[in-house]
Amino acid sequence: MVISMASDITEQRANEKELKRREKRYKTYIDLSPISIMVTGKDARFVDVNKATCDLCGYSEEELLNMYIPDIDITEKDVDNIAGFAHLKDYDCYRSETQLRRKDGKIIDVDLSVVVFDEDHYMAFAYDISERKEMEKLVVKHANDVLAL
């Protein structure tokens, strides 16, 4: 006696193909974004970064994936006490202006928004606001110069 079982996996294969297509499309969205996108684990280690992050920080993707938030964020000193992570325990989003140290040592001002990505990861979006901050300093200086007259 021979017993055989067969099942049609056509739909499953189609679903897998569609899932791969969507994953590729979303990865492309992230890679093409002009905004820096970083994913970190709860240990503050980078687990994914896009090209804009590499351009912003001056590090390669490989270098960043071996780094932690305090390695580039000069306002964060301790991987166990990241300000935004504590805030995200109570709120959906954390936003701040902070300063990053590029690989070349230059300090840049960035606007940073962080959200919970999943139970083990955070996703951050950053863009360079250094020019805006310099303009703000000039406005204050000129205002002070005018008041001194």
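# Questions on strands, core and pocket

User: Which residue in strand 4 is the bridge partner of R95?

Analyst: The bridge partner of R95 in strand 4 is S113. The model is a predicted one, and the pairing is computed from its atoms.

User: What makes strand 3 and strand 4 a pair?

Analyst: Two strands count as a pair if there are at least two bridges between them. Strand 3 and strand 4 are joined by nine bridges, so they meet that condition. The two strands, residues 93-101 and 107-118, run antiparallel. Besides the bridge of R95 to S113, R101 stands opposite I107 in strand 4.

User: What lies between the two strands of this hairpin?

Analyst: Five residues lie between strand 3 and strand 4 in the hairpin, and G105 there has a positive phi near 90°.

User: Which residues of strand 3 are on its covered face, and which on its uncovered face?

Analyst: Y94, S96, T98 and L100 form the covered face. C93, R95, E97, Q99 and R101 form the uncovered one.

User: How do you know that strand 4 and strand 5 pair?

Analyst: The cut-off is at least two bridges. Strand 4 and strand 5 have eight, in the antiparallel sense, and therefore count as paired. Two of the partners in strand 5 are F125, which bridges to S113, and Y122, which bridges to V116. The hairpin that joins strand 4 to strand 5 passes through two residues.

User: What pairs with strand 5 in the antiparallel sense over six bridges?

Analyst: Strand 1 does. In this pairing, T40 has Y122 of strand 5 as its bridge partner.

User: Why is D111 called buried?

Analyst: Buried means under 20% relative accessible area. D111 has 4% relative accessibility, so it counts as buried. D111 lies in strand 4. Leaving aside neighbours within four places in sequence, D111 is in contact with R95, S96, E97, F125, A126, Y127 and I129. Between D111 and F125, which are 14 residues apart along the chain, the C-alpha separation is 8.1 Å.

User: Why is F117 called partly exposed?

Analyst: Partly exposed covers the range between the buried limit of 20% and the exposed limit of 50%. F117 is at 45%, so it counts as partly exposed. F117 also lies in strand 4. Apart from neighbours within four places in sequence, F117 is in contact with V39, Y122 and M123.

User: Which of the 24 residues in the largest nonpolar core touch the most other members?

Analyst: These are M38, F46, L64, I72, L100 and V114. Among the elements that give two or more residues to this core are strand 2, helix 2, helix 4 and helix 5. Strand 4 gives the largest share, four residues.

User: What does I72 touch, not counting residues up to four places away in sequence?

Analyst: I72 touches F46, C57, Y59, L64, M67, Q99, L100 and R101. Contact requires heavy atoms within 4.5 Å, so each of these residues has such an atom pair with I72.

User: How much space lies in the largest pocket?

Analyst: The largest pocket holds about 230 Å³ of space. Of the 21 residues that line this pocket, I69, D73, L112, V114 and A124 are the closest to its centre.

User: Which elements each supply at least two residues of the lining of the largest pocket?

Analyst: They are strand 1, helix 4, helix 5, strand 3, strand 4 and strand 5. Strand 3 supplies the largest share of the lining, five residues.

User: How do the residues of this lining divide into nonpolar, polar and charged?

Analyst: The lining of the largest pocket has 13 nonpolar residues, five polar and three charged.

How values were computed: Residues numbered from 1 in each chain as written. Predicted model: local features only at pLDDT ≥ 70, side-chain atom pairs only at ≥ 80, totals over all residues. Heavy atoms only, no water. Buried < 20%, exposed > 50% of the residue type's maximum accessible area, 1.4 Å probe, protein only. Core = buried A, V, L, I, M, F, W, Y, C linked by side-chain atoms within 4.5 Å. 1 Å grid on protein atoms, 1.4 Å probe; cavity = no way out; pocket = protein on both sides within 12 Å on 5 of 7 lines; lining within 4 Å. Points joined across faces, edges and corners; volume = space filled by probe spheres on them. Nonpolar A, V, L, I, M, F, W, Y, C, P; charged D, E, K, R; others polar.
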